[in-house]
Amino acid sequence: VTVSNLTIQNGLGQNWLAGDWAGGGIMSFGMSTTIVGCSFLNNHVLGSGGQGGAVMHKLTEGIDLAELVVSGCRFEGNSVQLDGNGGGAIKTSGRRPLSVSIEDSSFVSNKASSSGGALYVKSLEHVSLTVRGCTFESNEAGYEGAAIAVENWDSVEVTDCTFTSNDVG
């Protein structure tokens, strides 16, 4: 799936599996997804177990590898509130290997009540994360990863990025 040159604004996450709420702007379930030149503004997940204020990318059983590619996007004012489990702007997770590439994008004033004010990447197996040429400014997380939180990683590469005034707590 490729999504390009859209503005997604004022979205509200939906109730999905096991009563969790996810994907204030986009919910990508069980497939590789590319997002190019998009703006995600003021999207929110308000329900319990909230995930991915702007984008939730979930890898499902039976899929060996799902990629998330984000390029030239703007994420501003997105949030996961209440007892959410992360990703103010983006959360990607799964039980299989996960490949995430984010480049030339900005993350400003996104907030997660728990992990990953801007970005939360989690897999039960292996994670490969590449972040290049991005700006992370004034993002907040409740207890870890004001800008970025990653669990179970094999490879994390962050280059040519700027981090300003991100906060945990």
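How exposed is Glu-157? Glu-157 is partly exposed, with a relative accessible area of 31%. Here, buried means under 20% relative accessible area, exposed means over 50%, and partly exposed lies in between (1.4 Å probe, protein chains only).

This is a predicted model, in which local features need pLDDT of at least 70, side-chain atom pairs count only at pLDDT 80 or more, and totals for chains, interfaces and linings use all residues. Residues are numbered from 1 along each chain as its sequence is written, and side-chain values use heavy atoms, with hydrogens and water left out.

**View 1. Glu-157 and Arg-132 form a salt bridge.**
Their side chains meet at 3.2 Å, N to O. A salt bridge is a side-chain nitrogen of Lys or Arg within 4 Å of a carboxyl oxygen of Asp or Glu. The pair links distant parts of the chain, 25 residues apart. Glu-157 sits in strand E20 (residues 148-159). Arg-132 sits in strand E17 (residues 119-132). Strands (E, at least two residues) and helices (H or I, at least four) are DSSP runs, numbered from the N terminus. Arg-132 is partly exposed, at 37% relative accessible area. The structure holds three salt bridges.

**View 2. Lys-111 meets Glu-140 in a salt bridge.**
The N to O distance is 3.9 Å. Lys-111 lies in strand E16 (residues 111-112) and Glu-140 in strand E19 (residues 140-141), so the pair ties together parts that are 29 residues apart in sequence. Lys-111 is partly exposed, with a relative accessible area of 44%. Glu-140 is partly exposed too, at 36%.

**View 3. Arg-74 forms a salt bridge with Glu-76.**
The closest N and O atoms are 2.7 Å apart. Arg-74 is partly exposed, with 37% relative accessible area. Glu-76 counts as partly exposed at 28%.

**View 4. Six strands make an open sheet with parallel pairing.**
The order is E2-E7-E11-E15-E18-E21. Two strands pair if DSSP finds at least two bridges between them. The edge strands are E2 (7-9) and E21 (162-164), and each pairs on one side only. Neighbouring strands of this sheet are turned by 5° against each other on average, direction ignored. Axes are lines fitted to C-alpha atoms, for helices over the stretch in contact, and angles run from 0 to 180 degrees between N-to-C directions.

**View 5. Strand E2 pairs with strand E7.**
E7 covers residues 39-41. The two strands run in the parallel sense over three bridges. Gln-9 has Leu-41 of E7 as its bridge partner.
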